[in-house]
Amino acid sequence: MAVLRRKPLVSGLAPPSPTLDERDLLTRLRAGDEAAFADLVERYHPAMIRLALLHVRSRAVAEEVAQDAWLGLLRGLDGFQERSSLRTWLFRIVVNRAISTGIRERVHVPVGDDELETSDGRFSQDGWWVTPPAHWADEVLDRISAPALIARAREVIAELSPLQRSVVTLRDVDGLSSAEVCTVLDITEVNQRVQLHRARNRIRSALEQEVLS
Amino acid sequence: MRLWRRRAGGHDITCRQAVSLVTAYLDGALARSDRDRFEAHLAECHGCSEHLRQIEVAMLVTGEIRAEDLDPLAREDLMHLYRRWREDASTD
């Protein structure tokens, strides 16, 4: 059997795990180093607001939730046992605070299936391409930073369900691992993957329209 | 976890199945036998390889979205919060 050992374009490019330099930050934080706190705020505050917006309606409330989570981090510093990364712990505090703020019920999404592939009309009933995909990936690889493409991706992400938006943003913009996203959002690995799969497919399809138009 | 029944001869998996496994594949979450079948399918199927590359390109473009900058006012508020917390902590 011919087995393709291809080198994925992406896996090598994922941001490195934050754990190493987080350990240093944690030590400095515990020692009361203000610059370490400022550094963390710079890194994570915008992502925390996005995360809080998954559970609360308004940006103002999301900002309060994020601020409250920072206080939670400071108060919990001594007790933090490093069973997860600092970032995972912090994001988890955000989600807990956002849920207990209780403005909106928790988003609940059923665990998926291959609905996407069954319903999108790209495959025949017995599972083969109706029309094979047009070739554009290589061409776009040379201009992944093109403003029009990035704008299109941003638009589609804004239109996704809150959970899909959170998953794809945490994974593909903020660079969290699948395990981290599961912990932060308290969802199963299967659910995480279903949401990510759908979100990436929506983005792919929007980019295709943009490229071929 | 076996995700499909083995077919007799020809392709082990259909294009639809291959496409439905892309995310698990990229996460390294497929069992070895499933990964082998997936890769074998891709080696023979231009449509599915192109699809995988398009998903990878979509991930790269998404990764180019710049996380929004921190609002300077928010930064100021938080540094305030930090200093207040330190004062409280030191007077405890």
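Start by selecting α8 and α9 of chain A: their crossing is right-handed. Keep in mind that this is a predicted model.

**Stop 1: α8 and α9 of chain A**

Helix α9 covers residues 178–185 of chain A. Turn the view until you can see both axes. They lie 10 Å apart, and the helices pack at an angle of about 140°. Angles over 145 would count as roughly antiparallel, and 65 to 115 as roughly perpendicular. α8(A) and α9(A) are therefore oblique to each other.

Now show the side chains at the contact. From α8(A), pick A:Ser166, A:Val167, A:Leu170 and A:Arg171. From α9(A), pick A:Val181, A:Val184 and A:Leu185, which they meet. Colour this contact by class. You get five nonpolar residues, one polar and one charged.

**Stop 2: the whole of chain A**

Zoom out and select chain A. How many helices and strands does it have? The count is ten helices and zero strands.

Chain A has 213 residues, and 36% of them are buried. Next, think about contacts with a separation of 6 or more in chain A. Of these, 68% join residues 24 or more positions apart.

**Stop 3: the side that touches chain B**

Bring chain B into view. The contact takes 53 residues from chain A and 46 residues from chain B. Several helices of chain A each supply at least two residues to this side, including α2 (34–52), α3 (59–76) and α10 (189–212). α8 (162–173), from the first stop, is another one of them. By class, the side of chain A that touches chain B has 32 nonpolar, eight polar and 13 charged residues.

**Stop 4: α2 of chain A**

Where does it bend? The bend is at A:Tyr44 and is about 45°. A proline, A:Pro46, follows within four residues.

Now colour the buried residues of α2(A). Among them are A:Phe37, A:Leu40, A:Val41 and A:Tyr44. Further along are A:His45, A:Ala47 and A:Met48, also buried. A:Arg50, a buried residue of α2(A), is worth a click too.

**Stop 5: α2(A) against α5(B)**

The crossing is right-handed.

Which residues meet here? On α2(A), select A:Glu34, A:Phe37, A:Ala38, A:Val41 and A:His45. On α5(B), select B:Ala74, B:Arg75, B:Leu78, B:Met79 and B:Tyr82. Together they divide into seven nonpolar, one polar and two charged.

**Stop 6**

Return to chain A and find the loop between α3 and α4 (86–101). A:Asp78 sits in that loop. With 8 C-beta neighbours inside 10 Å, A:Asp78 counts as exposed.

Note on methods
Residues are numbered from 1 along each chain as its sequence is written. Chains are lettered from A and ligands numbered from 1 in the order in which they are written. This is a predicted model: local features need pLDDT of at least 70, side-chain atom pairs count only at pLDDT 80 or more; totals for chains, interfaces and linings use all residues. Two residues are in contact if their C-beta atoms, placed from the backbone, lie within 7 Å. Ala, Val, Leu, Ile, Met, Phe, Trp, Tyr, Cys and Pro count as nonpolar, Asp, Glu, Lys and Arg as charged, and the others, Gly among them, as polar. The bend at a residue is the angle between axes fitted to the seven residues ending there and the seven starting there. A residue is buried if 20 or more other C-beta atoms lie within 10 Å of its own, exposed if 12 or fewer, and partly exposed in between; C-beta atoms are placed from the backbone. A crossing is left-handed if the near helix is turned anticlockwise from the far one by less than a right angle, and right-handed if clockwise. Axes are lines fitted to C-alpha atoms, for helices over the stretch in contact, and angles run from 0 to 180 degrees between N-to-C directions. Angles under 35 degrees count as roughly parallel, over 145 as roughly antiparallel, 65 to 115 as roughly perpendicular and the rest as oblique.
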